[in-house]
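Let's take a walk through this structure together. Have a look at it first, and then we'll go piece by piece.

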Amino acid sequence: MSQTELDETAVENFREYLRIPSVQPDVNYDECVEFLTRQAQSLDLPIKIYHVHPKKPIVILTWVGTEPTKQSILLSSHMDVVPVFEDKWTYPPFSAHMDEQGDIYARGSQDMKSVGIQYLEAIRRLKLNGQRCQRTIHLSFLPDEEIGSVLGMKAFVHTADFKALNIGFTLDEGVACPLENFYLFYGERSIWHVEIKCMGNPGHGSIMFDNTAGEKLRVIIDRFTDFRASEKAKLTTDPSKLVVALGGVTSVNLTKIWGGVQTNVIPNELSAMFDIRLTPSVDHEEFEATIKRWCEEAGPDVTYSFDEKNPRIENTKLDESNPYWIAFKNTCDEIGIDLEVGIFAGGTDGRFVRGIRLHDHNEYLNKDIFLKGIEIYTKIIPSVANV
């Protein structure tokens, strides 16, 4: 195939993948699996579909290396995308409309169907060039990353099937960078979703009772919000540095409040949910002890529980002890990629393996940027797969 034909094929495959409405919640992944099966056939690669849970397929394409006993490389991506509000979009969010500037509009164009197709198209080009890599390369397409990966990567890493992949190094998603450099994230903040339940004396809304749930909830909100303000004060005011800086602080956001029966009745119970992302330097036991102390300060019968509580995971080492990093960095230097290194502010499937318009309206990716990504992966993938 000529370079023009390769580019056209890549863009067509990207847009076809984007047109599959694998939108949360309650995703039907059948079309994604059918699409990826066709891609595997076109690349002459074996494909396996694993199910840790029914209707949650984990799709793995494999390019066997010349030394398959070595630890393998995993190129990880997810199939699902976040919900859309169609009336806020200039073009239908699953039309993959491409305008005259080559901007391709679709949910998932950045997060992260683009990366999954870039992996596939980079492998296509490497194979057509007759290249082989020492290490086996697996391409994973996972379900439910956008809702915590509970039945996706989080469960899959504990299976014998995952262990049999013998992973030594993984590439996963990051975020789009508005500048000329590239973000590289070597660690992630731990996600905690904490529910605080405040119990108190109920009664008629006209009476000033002591020990009410509302008084206790006010104390809780004050404690969490004061801590949030102290962390926010650490952030830079430079918007170009904010994405990397955000990974270095612990974020706290009040996301839900619920309780009560009617407007003139003091409830006996009120609850609040906080989304907390702990930066890797935070001691988890100490932070939980702080939450416990805040509950005690709020008064009796104030308790906390976790909807999600990620453990602390060691960061990937960026030094001479990690040969994959050395190979990755040397390749980036050779092709002139300037890396902005930091801790990822959000959460990806990478946190389980490691043991910006992403969710906005009118999400888009330019065709030429997409194709440039494929070119970069054709350099990076062999460099880490030949370590």
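Strand β4 is joined by 2 bridges to β5 (residues 103-105), and the two run antiparallel. Strands and helices here are DSSP runs numbered from the N terminus: strands are E with at least two residues, helices H or I with at least four. Two strands count as paired if DSSP finds at least two bridges between them.

A quick word on the model: it is predicted, so local features need pLDDT of at least 70 and side-chain atom pairs pLDDT 80 or more, while totals for chains, interfaces and linings use all residues. Residues are numbered from 1 along each chain as its sequence is written, and side-chain values use heavy atoms, leaving out hydrogens and water.

Back to the sheet: 3 strands make it up, open and antiparallel, in the order β4-β5-β16. Its edges are β4 and β16 (364-366), each pairing on one side only.

Now for the loop between β3 (72-78) and β4 (97-98), where you'll find D80. UniProt, in an unreviewed entry, places "active site" at D80 and E145.

D80 is buried, at 0% relative accessible area (buried is under 20%, exposed over 50%, partly exposed in between, with a 1.4 Å probe and protein chains only). E145 is buried too, at 7%.

Technical notes
UniProt positions are given in the numbering used here, feature names are shortened, and annotations may be inferred rather than shown by experiment.
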